[in-house]
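The following exercises concern one structure and are to be worked through with the sequence and the coordinates at hand.

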Amino acid sequence: MNDQGILVVISGFSGAGKGTLIKAMLERHHNYALSISATTRKPREGEEDGREYFFVTRERFEQMIEEGQLIEYAQYVNNYYGTPRQYVFQQMADGKDVILEIEIQGALKIKERFPEALLLFVTPPSADELKRRLVGRGTETMDVIHQRLHRAADEAEGITSYDYILINDEIDACVEAMHQLIQAQHRKVSSSLDFIEQMRSELKAI
Ligand code: 5GP
């Protein structure tokens, strides 16, 4: 019907389990491509350049902004994060749905520039559970955890700009719900205008 892939933005509080959900979805369903962002944040232990992120200096990031290489970017807890344009457009043209795991300012920019993008927000069942997961992950200092929880309170204000909310209670169910929502987006009339136009002209020609 429509060969072009769609843009899927997945946001959620730091510690909501987005990364785990997305990884599981990519393993189970094969028509998705995950965009790799550029960031000025330092790699965490186990992270590799070009796999989790392209880790770049502030100077390089600012150069990427100037050269128009990013389709969106934002500052998050003292670092820049942004989505490189080329990979995203290439994958969509190849018919893949491209997943952007990005925070809320970037999500809103994507919605502005690509109104047909699907915006999903992932949250744990409660604020207590969020804190428990962030502490349990053990990758950040308490200071950074507090900054991230503070940021979560701000982000909660923006959830109503998203299309759907996913409560990450049980991972398998959440992965399937995510996949179903993306598939449903393909069936939207507004995503199928080329097909509709073609059908109209074929019907007139009969
Ligand atoms: P982390 O440091 O935990 O990897 O990511 C911090 C936040 O930055 C997360 O909410 C993540 O979704 C967001 N993020 C990662 N890449 C991008 C990006 O390219 N653009 C924007 N706007 N946010 C991003």
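Contact means heavy atoms within 4.5 Å. Helices (H or I, at least four residues) and strands (E, at least two) are DSSP runs, numbered from the N terminus. The model is predicted, so that local features need pLDDT of at least 70 and side-chain atom pairs count only at pLDDT 80 or more, while totals for chains, interfaces and linings use all residues. Residues are numbered from 1 along each chain as its sequence is written, and side-chain values use heavy atoms, without hydrogens and water.

**Exercise 1.** Determine which residues of helix H1 are buried and what covers them.

Solution. Buried means under 20% relative accessible area, exposed over 50%, and partly exposed in between (1.4 Å probe, protein chains only).
1. In H1 (residues 18-28), the buried residues are Lys-18, Leu-21, Ile-22, Ala-24 and Met-25.
2. Viewed down the axis of H1, these residues fall within an arc of 165°, so they line one face of the helix; the arc is that of the directions from the helix axis to the C-beta atoms.
3. Lys-23 and Glu-27 are exposed on the face turned away from the buried side of H1.
4. The cover over the buried residues of H1 includes strands S1 (7-12), S2 (32-34), S7 (97-101) and S8 (118-123), and helix H7 (171-186).
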